[in-house]
Amino acid sequence: MELHTLLWGALLSVFPISELRGAIPFMLANNIPVVFAYFYCVALNALVAPLVYIFLSTVHKILYKIYWYRTFFEGFVEKARHRVQKEVDKYGFWGLMVFVAIPLPITGAYSGTLGAWILGMNRKKSMLAVAAGVCISGIIVTTVAWFGIAALSLFLK
């Protein structure tokens, strides 16, 4: 395993756009073993949730002192929370996990954590749901990438 491949895989795992959808296929295309690529990328992508929570909490505390932000937050965000509270209570953990598990653009650890924070979901449960969703998404992406690369190699030989 080459160091630059591992570094690029790490960066792709934590970048908001690529996340697992870019990291795992990159690792597999560079001949990194499937099991290692899965655990490496999933572990790094699962670290996004606590980091995003720390970032959002810190920025929120700083910006909350500003009148226009506080007005926006208390108006828009609190109304949104109130409007969807029943659904959050009903589907919260499982809904967040499924949302993160779907390996499509704008459904990943970043948007899942941001949504959980905006909706005021429990921090520990949210991070657990995001981590579970990342594991499921990793399985899906790894399977598709592995079979896709194997199928492609049939035509290139």
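Buried residues are those with under 20% relative accessible area, exposed ones have over 50%, and partly exposed ones fall in between (1.4 Å probe, protein chains only). Helices (H or I, at least four residues) and strands (E, at least two) are DSSP runs, numbered from the N terminus.

The model is predicted, so local features need pLDDT of at least 70 and side-chain atom pairs count only at pLDDT 80 or more, while totals for chains, interfaces and linings use all residues. Residues are numbered from 1 along each chain as its sequence is written, and side-chain values use heavy atoms, with hydrogens and water left out.

The protein chain has seven helices and zero strands. Its pattern along the sequence is α-α-α-α-α-α-α. The C-alpha trace spans about 60 × 30 × 25 Å along its principal axes. Of the 157 residues, 35% count as buried. Contact means heavy atoms within 4.5 Å. Among contacts between residues at least 6 apart in sequence, 70% join residues at least 24 apart.

Helix α6 covers residues 109-118, and its buried residues are A109, G112, T113, A116 and W117. Seen down the axis of α6, these residues fall within an arc of 130°, so they line one face of the helix. The arc is that of the directions from the helix axis to the C-beta atoms. After α6 comes G120, with a positive phi near 70°.

Helix α2 shows a buried face too. In α2, the buried residues are E19, L20, A23, I24, M27 and L28. They line one face of the helix, because their directions fall within an arc of 120° seen down the axis of α2. E19 lies in this helix and is buried, with a relative accessible area of 4%. Phi of E19 is positive, near 40°, although the residue is not glycine. Most residues other than glycine have a negative phi. N31 lies in the loop between α2 and α3. N31 counts as exposed, at 70% relative accessibility.

A37 is placed in helix α3. At 0% relative accessibility, A37 counts as buried. Leaving out residues up to four places away in sequence, A37 touches I24, M27, L28 and I32. The C-alpha atoms of A37 and G9 are 8.4 Å apart, although 28 residues separate them along the chain.

A nonpolar core is a set of buried Ala, Val, Leu, Ile, Met, Phe, Trp, Tyr and Cys residues joined through side-chain atoms within 4.5 Å. The largest such core has 33 residues, and L96, V130 and V134 have the most contacts inside it. At least two residues of this core come from each of α1 (3-14), α2 (19-29), α3 (34-46), α4 (48-63), α5 (67-101), α6 and α7 (123-156). The most come from α5, which gives seven. In soluble globular proteins, nonpolar side chains tend to be buried together. Beyond its neighbours within four places in sequence, L96 contacts Y91, G112, A116, M121, S126, A129 and V130.

Grid points are joined across faces, edges and corners, and a volume is the space filled by probe spheres set on the points.

The largest pocket has a volume of about 180 Å³. Its lining has 13 residues, of which G92, G95, L96, L119 and M121 lie nearest its centre. Helices α5 and α6 each supply at least two lining residues. The largest share, seven residues, comes from α5. By class, the pocket lining has seven nonpolar, five polar and one charged residue. Here Ala, Val, Leu, Ile, Met, Phe, Trp, Tyr, Cys and Pro count as nonpolar, Asp, Glu, Lys and Arg as charged, and the others, Gly among them, as polar.

One cavity of 30 Å³ or more was found in the whole structure. The largest cavity has a volume of about 50 Å³. Its lining consists of E19, L20, R21, N45, V100, T107, G108, A109 and S137. Helix α2 gives the largest share of this lining, three residues. The cavity lining has three nonpolar, four polar and two charged residues.

Definitions and conventions. 1 Å grid on protein atoms, 1.4 Å probe; cavity = no way out; pocket = protein on both sides within 12 Å on 5 of 7 lines; lining within 4 Å.
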